[in-house]
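Dear colleague,

Please find the structure below. My notes on what was found in it follow directly after.

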Amino acid sequence: MNEAGPKIERNACLEVRKRTKEMVEAGARMIAIVALEREDGSIELIYSFDRQPGIVDFRFQILPEWEVDSVADIFTGALTLEREVVDLFGLKYKGIPPGLFLEAGKSPVAPLRRRPAPAKGGDEDG
Amino acid sequence: MMTLESKMRIRSPWIMHFDTGSCNGCDMEVWALLTPRYDIERFGAMNRANPKQADILLITGPVTKRCEDRLRNLYEQTPEPKLVIACGDCASTGAPFHNCYNVNGGVDKVIPVDVYVPGCACRPEVLIDALVLGLSKWREKAAGADKEAEG
Amino acid sequence: MSMLTSSIKNLFSRPFTTRYPKVPADLPPGNRGRVLYDMSRCIFCRKCERSCPTVAIITDRDAKTQTVIRHRCIGCNTCVEVCPTETITMVQEYSRPDTAPTVNVFSLDLPRHEYRIEHLPRHDGRKKD
Amino acid sequence: MGRATTIPFGPQHAAFLEPLNVTLTLEEEKVVGAVLNQGYNHRGMEHALSLDYRKSQYISERVCGICSFHHSTAYCQGLESIYGIDVPERGRLIRTIMMECQRLTSHLLALGHIAESVGYENLFMQCFRERELVMTLVNRISGNRVHYSMNVAGGVKRDISPEGLKDIQATMSRLRPRLRELHRVFSRDRTLSKRTKGIGVLSNQAAREWGNVGPVSRASGIPRDIRQDGFAAYSMVKFSPIVREEGDCYARMMVRMDECLQSMDIIEQCLPLIKDGPVAIQMKGHPKGEAYSRVEAPRGELVYFIRANGKTALERIKLRTPALMNVASLLAMLPGCQLADVPTITVSVDPCICCTDR
């Protein structure tokens, strides 16, 4: 557990392709892209891979305005994982459209971000 | 008085099942209704995927934002008199998903519901009960509609 | 073709279907149907209310009532486990469908495991916006 | 070259149990392109699960009704590895038995669904009839038909009595000849194999690229089964993953059928191993730390990522469900097939939309 987390780095957005390629060439299978918002409002991205016998991941931290490189052409299955991050965190991925899960105009925008606060569900009666 | 047509419709209510974001638990129980153990064809009910042919809408799930318009669309396509059964806790009140941000919290927030079925997931026996209760409601509805047509 | 032998076998075997509305449902012992309160034991500690994952229980300390919204209860048995005085019991029987979401109010003046039935307001849907 | 036509398939369709929309581009009857439009079931479970870690074990079951026990096991395992404790052996064995029971119900549902999509109503009914045996069994053991609510962080909260164990054994011996019969029909029936063989082929290479998991990947020749990692009590039983090379609908169907028989073997291996002892241990304090937790759900590898920071609310909980990867790979299978085969292909990946969209 790294309390401080990785440093916020601009070129991490570009390095992600190189590191994914290394992983995929080593025979690893991408299992998830975890995004989470840290206290200071930056976004931590964790790319995890199944490289037997366990899970290997690499993580980096970016600001939400930055555009991240898509790895969908290296690992095709990453496309849905990236679209999910785009929808739920409002991040920008190069060439990835939003709208996988959320209905424009009805659903809250970027619901898993703390600011703006995620709207409560339609359970008005309480 | 009810017309012959209405009487016959009650004898064979065709159902249409639509999932509006449930966890699949109630959907499986709806399917259990259609299959040998609970076999709902005993009551003349059949599963049709076509809203135009359906008399009863079995709706599961708390109605997600994306399903909202589809559900209303299906409801409007179903011919009158129709019956809407909200299957399960989440369709009745949205309970298990009350903290989720993308749901409407119950079918009755979108379309009128006639019968509310409790249980998470609702047992097939409860669904049979609900069908029996719903059909008695429906009889009243059909009688009223026929009277209107005559008068 | 392989199915044919199976089908013929099924044709001559006993029906698998239950005759449910005619005969009672076969609920196994220990089936988690619904919860009942024995109000003479209740100490209004609100543990059940706090532990309920779907906010189905409302404890009213002033009116001395426990309200269970049947259409919110998911039968997870948590309230039975946390109760310090064994007020709550789980019975086999499941709750019945109704034309509006049902609320069961347990209060001190009613006998053990008896409740008053109320209903939540119904919504009539929403017009297209 | 015919003119290209676009038709929507779903969200409300006879072949689907759940809302999924596939926009197909056709030339005459041949599919040339497909666009998946999902999200009809997106409720926002990740937010709801992160609110209170003590209640999330019940809410996590509601992510999916078909693999509910796998979801709560994955969640509880994650918490247990954050606390750094081991579940007692009896608890792990009970978890394994329940997971395999659920795998049986899930696979029989999928098989029945495939049978129905090729127009085999009779076989569909028979699958669901055998499935009902398992459903009533889990109802007797856990007290509920779908959501068992048996898992708690630290073990299981409901023990299986000695009569319960005998009941499981009796049901398994009753189920075995019936499943063998089903296996015979599924493997030998000419109609079924004509309508599924060579359709919707997913090559080994494509399965690796799309990151497929579970029966779909094993039908394309990837010998990966998370159960081999030995979570719960899988390290105590002997089994080997079922792998086929063809990668078509038939292979996916037969992998599921063989896994049904394998599940029964695992349950029967578990039964004599159960010894007296505690089923759960208590945990103290709020969790602090992070963990990955992996479980082999009926549809494949299910991953939970949990990060807790010592409060009742979890900092982040991320679910990567198997169906998310498998449904996406429909885009690789659909182009080139005939329109009439689309329902069979879609159903053969066992799309669980409530898992996919959460």
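In what follows, a helix axis is a line fitted to the C-alpha atoms over the stretch in contact, and angles run from 0 to 180 degrees between N-to-C directions. Please note that this is a predicted model.

On the side of α1(C), the contact is made by C:S2, C:M3, C:T5, C:S6 and C:K9; α6(D) contributes D:E181, D:R184, D:V185 and D:R188. By class, this contact has four charged, three polar and two nonpolar residues.

The second topic is chain A. Its strands β1, β2 and β3 form an open sheet in the order β1-β2-β3, with antiparallel pairing. The edges are taken by β1 (29-37) and β3 (54-62), each with a single partner strand, so one side of each is left without a neighbour in the sheet. From one strand to the next, the twist averages 20°.

Between β1(A) and β2(A) (residues 43-51), which run antiparallel, there are eight bridges. A:V34 stands opposite A:I46 of β2(A).

Two helices of chain A accompany the sheet. Helix α1(A) (residues 12-25) lies across β1, β2 and β3, running at about 170° to β3(A). Helix α2(A) (residues 78-89) packs on the sheet and touches β1 and β2; the direction of α2(A) makes about 10° with that of β1(A).

With kind regards

Conventions. Residues are numbered from 1 along each chain as its sequence is written. Chains are lettered from A and ligands numbered from 1 in the order in which they are written. This is a predicted model: local features need pLDDT of at least 70, side-chain atom pairs count only at pLDDT 80 or more; totals for chains, interfaces and linings use all residues. Side-chain values use heavy atoms; hydrogens and water are left out. Contact means heavy atoms within 4.5 Å. Helices (H or I, at least four residues) and strands (E, at least two) are DSSP runs, numbered from the N terminus. Ala, Val, Leu, Ile, Met, Phe, Trp, Tyr, Cys and Pro count as nonpolar, Asp, Glu, Lys and Arg as charged, and the others, Gly among them, as polar. Two strands pair if DSSP finds at least two bridges between them.
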